[in-house]
Amino acid sequence: MRAFPLKFKKSDIFAALFVILLAAAVFLPSALKKDGASAVVMLNGKEIGRLELARDAEMTVRDEYTAHIVVRDGKVYVESSDCPGGDCVRSGGISRQGQSIVCLPNRMTVYIEGSDLDAVIG
Amino acid sequence: MENISRIKKTALTGVLLALMLALSYIERFIPLGLAVPVPGVKLGLANIVTVGALYWLGSLPALMLVLARCLLSAVFGGNAAGALFSLCGGVFSWLSMSAAIKSRFFSVYGISILGAAFHNMGQILAAVLILGGAVVYYLPYLLLVSLFTGTLTGAISAGVISRVRL
(Lines give C-alpha, C1' and ligand atoms only; values in the text may rest on other atoms or scores of the structure.)
Protein backbone atom coordinates (compact mmCIF):
# COMPACT_ATOMS: atom_id res chain seq x y z
CA MET A 1 0.00 0.00 0.00
CA ARG A 2 1.54 3.23 -1.10
CA ALA A 3 0.74 6.80 -0.30
CA PHE A 4 1.51 9.57 -2.73
CA PRO A 5 1.90 13.32 -2.21
CA LEU A 6 -1.27 15.33 -2.18
CA LYS A 7 0.32 18.59 -3.12
CA PHE A 8 1.32 19.65 -6.59
CA LYS A 9 4.83 18.59 -7.58
CA LYS A 10 6.95 20.08 -10.33
CA SER A 11 7.29 16.67 -11.89
CA ASP A 12 3.54 16.65 -12.54
CA ILE A 13 4.31 18.92 -15.46
CA PHE A 14 5.79 15.89 -17.16
CA ALA A 15 2.48 14.14 -16.95
CA ALA A 16 0.81 17.07 -18.66
CA LEU A 17 3.55 17.24 -21.27
CA PHE A 18 3.24 13.55 -21.93
CA VAL A 19 -0.47 13.90 -22.59
CA ILE A 20 0.08 16.88 -24.88
CA LEU A 21 2.70 15.01 -26.86
CA LEU A 22 0.41 12.04 -27.12
CA ALA A 23 -2.38 14.24 -28.45
CA ALA A 24 -0.01 15.71 -31.03
CA ALA A 25 1.24 12.29 -32.03
CA VAL A 26 -2.26 11.05 -32.69
CA PHE A 27 -3.25 14.23 -34.44
CA LEU A 28 -0.42 14.46 -36.92
CA PRO A 29 -1.08 11.47 -39.21
CA SER A 30 -4.63 12.53 -39.89
CA ALA A 31 -3.58 16.12 -40.50
CA LEU A 32 -1.05 14.94 -43.06
CA LYS A 33 -3.47 12.58 -44.71
CA LYS A 34 -5.00 15.37 -46.78
CA ASP A 35 -2.44 14.61 -49.39
CA GLY A 36 -3.21 10.94 -49.35
CA ALA A 37 -4.49 9.00 -52.30
CA SER A 38 -8.18 9.22 -52.98
CA ALA A 39 -10.62 7.84 -55.48
CA VAL A 40 -12.51 10.41 -57.48
CA VAL A 41 -15.91 9.47 -58.83
CA MET A 42 -17.00 11.31 -61.93
CA LEU A 43 -20.37 11.30 -63.57
CA ASN A 44 -20.81 12.95 -66.92
CA GLY A 45 -17.41 14.53 -66.53
CA LYS A 46 -18.22 16.15 -63.22
CA GLU A 47 -16.83 15.11 -59.88
CA ILE A 48 -19.64 13.83 -57.73
CA GLY A 49 -17.68 12.18 -55.00
CA ARG A 50 -14.28 11.63 -53.51
CA LEU A 51 -13.38 8.74 -51.29
CA GLU A 52 -10.19 8.44 -49.34
CA LEU A 53 -8.55 5.10 -49.88
CA ALA A 54 -7.26 5.05 -46.34
CA ARG A 55 -10.71 4.66 -44.92
CA ASP A 56 -13.25 2.01 -45.77
CA ALA A 57 -16.26 3.64 -47.37
CA GLU A 58 -19.16 3.07 -49.68
CA MET A 59 -20.92 5.17 -52.23
CA THR A 60 -23.89 4.55 -54.44
CA VAL A 61 -24.17 6.27 -57.76
CA ARG A 62 -27.65 6.53 -59.12
CA ASP A 63 -27.94 7.83 -62.61
CA GLU A 64 -29.09 5.94 -65.64
CA TYR A 65 -27.82 2.89 -63.80
CA THR A 66 -27.10 2.23 -60.18
CA ALA A 67 -23.56 1.43 -59.24
CA HIS A 68 -22.22 0.51 -55.84
CA ILE A 69 -18.70 1.75 -55.24
CA VAL A 70 -16.77 0.39 -52.31
CA VAL A 71 -13.45 1.31 -50.73
CA ARG A 72 -11.94 -1.47 -48.70
CA ASP A 73 -8.40 -2.23 -47.63
CA GLY A 74 -6.98 0.62 -49.62
CA LYS A 75 -8.60 -0.40 -52.88
CA VAL A 76 -11.64 0.94 -54.63
CA TYR A 77 -13.86 -1.19 -56.78
CA VAL A 78 -17.35 -1.28 -58.14
CA GLU A 79 -19.09 -3.92 -56.11
CA SER A 80 -22.22 -4.10 -58.19
CA SER A 81 -23.89 -2.32 -61.02
CA ASP A 82 -26.89 -2.93 -63.21
CA CYS A 83 -25.37 -1.44 -66.32
CA PRO A 84 -25.29 -3.56 -69.46
CA GLY A 85 -21.96 -5.32 -69.82
CA GLY A 86 -20.84 -4.82 -66.27
CA ASP A 87 -17.30 -3.92 -67.30
CA CYS A 88 -16.92 -1.75 -64.30
CA VAL A 89 -17.57 -4.58 -61.90
CA ARG A 90 -15.25 -6.89 -63.75
CA SER A 91 -12.46 -4.31 -63.65
CA GLY A 92 -11.65 -5.32 -60.16
CA GLY A 93 -9.96 -3.10 -57.63
CA ILE A 94 -7.70 -0.17 -58.27
CA SER A 95 -5.50 1.65 -55.88
CA ARG A 96 -2.69 3.33 -57.78
CA GLN A 97 -2.46 6.78 -59.17
CA GLY A 98 -3.49 6.79 -62.81
CA GLN A 99 -5.61 3.67 -62.61
CA SER A 100 -9.28 3.98 -63.34
CA ILE A 101 -12.54 2.14 -63.67
CA VAL A 102 -14.89 3.24 -66.36
CA CYS A 103 -18.54 2.55 -66.95
CA LEU A 104 -19.53 3.79 -70.36
CA PRO A 105 -23.28 3.21 -70.22
CA ASN A 106 -23.43 5.13 -67.01
CA ARG A 107 -20.90 7.73 -68.07
CA MET A 108 -19.16 7.12 -64.83
CA THR A 109 -15.46 7.02 -64.02
CA VAL A 110 -13.58 6.22 -60.89
CA TYR A 111 -9.93 7.18 -60.85
CA ILE A 112 -7.18 7.48 -58.33
CA GLU A 113 -5.85 10.89 -57.54
CA GLY A 114 -2.32 11.14 -56.42
CA SER A 115 -0.66 11.33 -53.09
CA ASP A 116 2.39 13.49 -52.64
CA LEU A 117 4.56 10.80 -54.09
CA ASP A 118 6.13 10.75 -57.48
CA ALA A 119 4.51 9.25 -60.50
CA VAL A 120 5.46 5.78 -61.63
CA ILE A 121 6.34 5.40 -65.26
CA GLY A 122 5.35 2.28 -67.07
CA MET B 1 -2.40 5.48 6.23
CA GLU B 2 -0.84 2.11 6.91
CA ASN B 3 -2.86 1.09 9.92
CA ILE B 4 -6.42 0.88 8.77
CA SER B 5 -7.99 -2.19 10.25
CA ARG B 6 -9.30 -4.94 8.05
CA ILE B 7 -12.86 -4.31 8.99
CA LYS B 8 -12.54 -0.67 8.19
CA LYS B 9 -11.04 -1.54 4.84
CA THR B 10 -13.92 -3.79 3.96
CA ALA B 11 -16.47 -1.22 4.96
CA LEU B 12 -14.57 1.46 3.14
CA THR B 13 -14.50 -0.59 -0.05
CA GLY B 14 -18.26 -0.93 0.02
CA VAL B 15 -18.79 2.75 0.60
CA LEU B 16 -16.40 3.66 -2.18
CA LEU B 17 -18.15 1.38 -4.61
CA ALA B 18 -21.50 2.99 -3.88
CA LEU B 19 -19.89 6.38 -4.20
CA MET B 20 -18.45 5.54 -7.61
CA LEU B 21 -21.82 4.44 -8.90
CA ALA B 22 -23.52 7.53 -7.52
CA LEU B 23 -20.90 9.85 -9.01
CA SER B 24 -21.05 8.30 -12.45
CA TYR B 25 -24.82 8.61 -12.36
CA ILE B 26 -24.78 12.25 -11.29
CA GLU B 27 -22.11 13.01 -13.83
CA ARG B 28 -24.55 12.33 -16.63
CA PHE B 29 -26.44 15.45 -15.69
CA ILE B 30 -23.45 17.70 -16.17
CA PRO B 31 -23.51 18.64 -19.86
CA LEU B 32 -19.83 19.01 -20.50
CA GLY B 33 -20.74 18.40 -24.11
CA LEU B 34 -22.02 21.94 -24.39
CA ALA B 35 -18.64 23.40 -23.60
CA VAL B 36 -16.64 20.80 -25.45
CA PRO B 37 -18.24 19.42 -28.62
CA VAL B 38 -16.77 15.97 -28.39
CA PRO B 39 -18.94 12.87 -27.98
CA GLY B 40 -18.28 10.99 -24.79
CA VAL B 41 -16.52 13.79 -23.00
CA LYS B 42 -17.16 13.76 -19.29
CA LEU B 43 -15.69 14.93 -16.02
CA GLY B 44 -14.67 11.49 -14.86
CA LEU B 45 -15.67 12.04 -11.26
CA ALA B 46 -15.44 8.32 -10.56
CA ASN B 47 -11.69 8.62 -10.84
CA ILE B 48 -11.73 10.60 -7.64
CA VAL B 49 -12.83 7.47 -5.88
CA THR B 50 -10.29 5.33 -7.68
CA VAL B 51 -7.55 7.64 -6.52
CA GLY B 52 -8.89 7.47 -2.98
CA ALA B 53 -8.97 3.69 -3.20
CA LEU B 54 -5.39 3.62 -4.44
CA TYR B 55 -4.36 5.82 -1.54
CA TRP B 56 -6.21 4.04 1.26
CA LEU B 57 -6.51 0.47 0.04
CA GLY B 58 -3.83 -0.15 -2.52
CA SER B 59 -3.53 -1.25 -6.10
CA LEU B 60 -5.42 -4.53 -6.19
CA PRO B 61 -8.45 -3.46 -4.14
CA ALA B 62 -8.70 -0.42 -6.38
CA LEU B 63 -8.79 -2.68 -9.41
CA MET B 64 -11.55 -4.74 -7.82
CA LEU B 65 -13.50 -1.57 -7.29
CA VAL B 66 -13.10 -0.53 -10.91
CA LEU B 67 -14.22 -3.92 -12.17
CA ALA B 68 -17.15 -4.06 -9.78
CA ARG B 69 -18.22 -0.61 -10.77
CA CYS B 70 -18.13 -1.50 -14.48
CA LEU B 71 -20.15 -4.61 -13.88
CA LEU B 72 -22.77 -2.90 -11.78
CA SER B 73 -22.99 0.07 -14.12
CA ALA B 74 -23.67 -2.30 -16.94
CA VAL B 75 -26.37 -4.04 -14.95
CA PHE B 76 -28.04 -0.82 -13.89
CA GLY B 77 -27.58 0.95 -17.17
CA GLY B 78 -28.40 -1.96 -19.41
CA ASN B 79 -25.96 -0.71 -22.00
CA ALA B 80 -23.63 -3.38 -23.32
CA ALA B 81 -21.41 -1.19 -25.47
CA GLY B 82 -21.21 1.39 -22.72
CA ALA B 83 -20.04 -1.34 -20.40
CA LEU B 84 -17.16 -2.19 -22.69
CA PHE B 85 -16.15 1.44 -22.88
CA SER B 86 -16.27 1.72 -19.09
CA LEU B 87 -14.28 -1.42 -18.67
CA CYS B 88 -11.51 -0.52 -21.06
CA GLY B 89 -11.36 3.03 -19.81
CA GLY B 90 -11.35 1.99 -16.20
CA VAL B 91 -8.69 -0.68 -16.55
CA PHE B 92 -6.38 1.52 -18.61
CA SER B 93 -6.87 4.27 -16.11
CA TRP B 94 -6.11 2.00 -13.16
CA LEU B 95 -3.01 0.66 -14.89
CA SER B 96 -1.60 4.10 -15.53
CA MET B 97 -2.39 5.37 -12.07
CA SER B 98 -0.90 2.31 -10.36
CA ALA B 99 2.25 2.70 -12.41
CA ALA B 100 2.37 6.41 -11.72
CA ILE B 101 2.10 5.77 -8.00
CA LYS B 102 4.77 3.06 -8.04
CA SER B 103 7.15 5.36 -9.84
CA ARG B 104 6.96 7.76 -6.91
CA PHE B 105 7.40 10.52 -9.43
CA PHE B 106 4.02 12.23 -9.41
CA SER B 107 1.69 13.83 -6.96
CA VAL B 108 -2.04 13.28 -6.97
CA TYR B 109 -2.34 15.79 -9.79
CA GLY B 110 -0.01 14.00 -12.18
CA ILE B 111 -1.62 10.73 -11.26
CA SER B 112 -5.11 12.04 -11.94
CA ILE B 113 -4.11 13.59 -15.24
CA LEU B 114 -2.59 10.34 -16.41
CA GLY B 115 -5.62 8.47 -15.13
CA ALA B 116 -7.98 10.71 -17.08
CA ALA B 117 -5.85 10.53 -20.23
CA PHE B 118 -5.57 6.76 -20.16
CA HIS B 119 -9.23 6.43 -19.38
CA ASN B 120 -9.97 8.23 -22.62
CA MET B 121 -7.48 6.12 -24.53
CA GLY B 122 -9.07 2.97 -23.24
CA GLN B 123 -12.48 4.19 -24.29
CA ILE B 124 -11.28 5.13 -27.75
CA LEU B 125 -9.76 1.70 -28.09
CA ALA B 126 -13.10 0.13 -27.28
CA ALA B 127 -14.80 2.53 -29.66
CA VAL B 128 -12.44 1.57 -32.47
CA LEU B 129 -13.28 -2.06 -31.94
CA ILE B 130 -16.99 -1.38 -32.06
CA LEU B 131 -17.36 1.65 -34.30
CA GLY B 132 -14.27 1.55 -36.48
CA GLY B 133 -11.05 3.51 -36.87
CA ALA B 134 -12.59 6.88 -37.64
CA VAL B 135 -13.23 7.45 -33.94
CA VAL B 136 -9.53 8.04 -33.38
CA TYR B 137 -10.19 11.48 -34.79
CA TYR B 138 -11.57 12.53 -31.39
CA LEU B 139 -8.68 11.28 -29.32
CA PRO B 140 -6.43 14.39 -29.43
CA TYR B 141 -9.30 16.55 -28.24
CA LEU B 142 -10.26 14.13 -25.49
CA LEU B 143 -6.66 14.03 -24.35
CA LEU B 144 -6.46 17.79 -24.11
CA VAL B 145 -9.70 17.89 -22.16
CA SER B 146 -8.31 15.24 -19.82
CA LEU B 147 -5.63 17.70 -18.77
CA PHE B 148 -8.35 19.82 -17.24
CA THR B 149 -10.57 17.10 -15.88
CA GLY B 150 -7.53 15.34 -14.48
CA THR B 151 -6.41 18.46 -12.66
CA LEU B 152 -9.90 19.03 -11.34
CA THR B 153 -10.42 15.50 -10.05
CA GLY B 154 -6.90 15.56 -8.66
CA ALA B 155 -7.72 18.67 -6.67
CA ILE B 156 -10.92 17.14 -5.36
CA SER B 157 -9.14 13.91 -4.45
CA ALA B 158 -6.46 15.82 -2.61
CA GLY B 159 -9.07 17.79 -0.73
CA VAL B 160 -11.05 14.75 0.28
CA ILE B 161 -8.11 12.50 1.20
CA SER B 162 -6.46 15.13 3.32
CA ARG B 163 -9.64 15.75 5.27
CA VAL B 164 -11.01 12.28 5.83
CA ARG B 165 -9.73 10.56 8.94
CA LEU B 166 -9.99 6.82 8.89
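Reader: How many salt bridges are there between chain B and chain A?

Author: A salt bridge is a side-chain nitrogen of Lys or Arg within 4 Å of a carboxyl oxygen of Asp or Glu. Between chain B and chain A the count is zero. This is a predicted model, in which local features need pLDDT of at least 70 and side-chain atom pairs count only at pLDDT 80 or more, while totals for chains, interfaces and linings use all residues. Residues are numbered from 1 along each chain as its sequence is written, chains are lettered from A and ligands numbered from 1 in the order in which they are written, and side-chain values use heavy atoms, with hydrogens and water left out.

Reader: How many residue pairs are in polar contact across the interface of chain B and chain A?

Author: A polar contact is a pair of N or O atoms within 3.5 Å; within protein, one must be able to donate a hydrogen and the other to accept it, and residues adjacent in sequence count only if both atoms are side-chain atoms. Across this interface the rule finds seven such residue pairs, both residues at pLDDT 80 or more.

Reader: Which elements of chain B give two or more residues to the side that touches chain A?

Author: Helices (H or I, at least four residues) are DSSP runs, numbered from the N terminus. Those elements are helix H3 (46–56), helix H5 (80–103), helix H6 (108–131) and helix H7 (139–163) of chain B. H7(B) gives the most, with ten residues.

Reader: What area do chain B and chain A bury between them?

Author: Buried area is the accessible area (1.4 Å probe) that two parts lose on being put together, summed over both. Here the value is about 2,500 Å², 76% of it on carbon and sulfur atoms.

Reader: Is H6(B) enclosed or open?

Author: A residue is buried under 20% relative accessible area, exposed over 50%, and partly exposed in between (1.4 Å probe, protein chains only). In H6(B), 18 of the 24 residues are buried, so this helix is largely enclosed by the rest of the structure. Over chain B, with its 166 residues, buried residues make up 49%.

Reader: Where does Ser24(B) lie, and what is in contact with Ser24(B)?

Author: Contact means heavy atoms within 4.5 Å. Ser24(B) lies in helix H1 (residues 6–27) of chain B, and is buried, with a relative accessible area of 12%. Its side chain reaches the backbone oxygen of Leu21(B) at 3.1 Å. Leaving aside neighbours within four places in sequence, Ser24(B) is in contact with Arg69(B) and Ser73(B).
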